[in-house]
Amino acid sequence: MSARNKLKLFDLTMITVGLVIGMGIFRTATDSAQAALTPTIYFAAWIAGGIIALCGALTYAEIGSRFPVTGGYYKIFAECYHPSVAFAINCIILISNAASLSGVALIGSEYIAQLVFDQPASDVTKAFIAMGAVLVFYFVNLAGLRLSSGTQNILMIIKIGMVLVLIGALFFPGADSLVASTAAASPTDHSTMDIIKSFGIALIAVSFTYGGYQQTINFGDEVHEPRKTIPRGIFIGILMIIGLYLLVQMAYVHAIGFEQLKTTRGIAAVVAERMFGPTGKTIFTLLLFMAVLAYVNVLLLSNPRVMYAMSKDGILPKSFARKDEKRDVLTVSLSVFAAICILVLFFANTFDKILGFTIFLDSIGMATSAATIFILRKRTSHLNGTGIYTMKLFPLMPLIFISAYAFVGISIFLNTPSLAITGLVVFAIFLAIYFLIVKGSKKPQRE
């Protein structure tokens, strides 16, 4: 790839922010508030989520600096554990990402349909709108890495601007019920186990909202000076996200109060209407759809690179590694992932259930992928002192991150054991596929 086409620091920072700020910040506040017994627990979960994300960001920054390869999130599992683990976890991640993209596109179509149609749009109409969004950005990505990353930069500026508008609610008259709610429901009114359980369940939604930045390491050698740019892009991006998220939560509670937040759907549009009236709600709905497009674009940008890496290892057919060198596009992987997203749209009504067990599997994937830093540090010790990024307070930061996601996984298992068990069964099925089909199909190629 030519140096001109490679991703620069600003590009990678915007990709990091785009991978994290999807639709979660505009809807999971309600889920987290419902789980939290008090506003104190609610804000504690968001602060803890930010600290955990920062520890994870620094961990993945060093992983990306020590192992800068395209499809890195797949490659670290294969390199440090076993190809079967890499295959199983990344197949799950690809499916969950396709489901997330499709579900988010569908949510966006529901918002935009309210503005376009006088009557409520049918499910089929909304699905076609979502498919249209996927197809538009499929062709944007097909046109080349520079165009898709440039488009992402523009969409992310719009999305960040929209988040800043929400934060502006802090300067408008609001419910001002935070102090009253805290006094009425002090943590001392609940047992220690109730508080821990409430915090754990609230952290599930928070962890989902903060997740995604680990996929930044998928771009590897497509980044200009990756050993420096990857850690800087991840670090700057996650700091921006933490600040924006905490301010948005304060704005939500200020605008409508903690108790109403527990039952309010479409919270972002409601806050915009409180600030600017019906016209403001309309404009914000349009911007919300733009935010959806940014999320669609960044997942179409990132996930084909995992499929490329799996193909290079012989786990997926060779065609998945096919690349248009002139435009730097993984044509087959991009087309297949986009097709999966469109197919999933027909089953988007089960998005919440799909998301439930994939969050459980993501907690396993995040913990085990972060743990590879201990292996990589030993295997790449010769890189020490050569200018690569090395995190401070090692091993404290990766241990905090790993422990936190283990806690999230346990909380999901205790709260919704059926979804956790389903996730483990699906993971086991992909392991079996690897040993029964994939591994067997690779043997003739070596002979």
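Q: What lies over the face of Phe 394?
A: Arg 377 does, at 3.7 Å from the ring centre. Bear in mind that this is a predicted model.

Q: And how many aromatic pairs does a search of the whole structure find?
A: It finds 16 aromatic pairs. One of them is Trp 46 with Tyr 245, edge-to-face, at 5.9 Å centre to centre and 90° between the planes. That pair links distant parts of the chain, with Trp 46 in helix H3 and Tyr 245 in helix H10, 199 residues apart.

Q: Is Trp 46 buried or exposed?
A: Trp 46 counts as buried, at 0% relative accessibility. Tyr 245 is buried too, at 1%.

Q: OK, switching topic. Where is Asp 11, and is Asp 11 buried or exposed?
A: Asp 11 is in helix H1, residues 9-20. Its relative accessible area is 5%, which is under 20%, so Asp 11 counts as buried.

Q: What does the side chain of Asp 11 reach?
A: The backbone nitrogen of Lys 8, at 3.0 Å. Leaving aside neighbours within four places in sequence, Asp 11 is also in contact with Lys 6, Arg 146 and Asn 153.

Q: Last one: what does Ile 158 touch?
A: Not counting residues up to four places away in sequence, Ile 158 touches Leu 287 and Met 290. Ile 158 sits in helix H7 and is partly exposed, at 26% relative accessible area.

Conventions. Residues numbered from 1 in each chain as written. Predicted model: local features only at pLDDT ≥ 70, side-chain atom pairs only at ≥ 80, totals over all residues. Heavy atoms only, no water. Helix = DSSP H or I, 4+ residues; strand = E, 2+ residues; numbered from the N terminus. Buried < 20%, exposed > 50% of the residue type's maximum accessible area, 1.4 Å probe, protein only. Polar contact = N/O pair within 3.5 Å; in protein donor to acceptor, adjacent residues only side chain to side chain. Contact = heavy atoms within 4.5 Å. Phe/Tyr/Trp six-rings, centres within 6.5 Å; stacked < 30°, edge-to-face > 60°. Lys NZ or Arg CZ within 6 Å of the ring centre and 35° of its normal.
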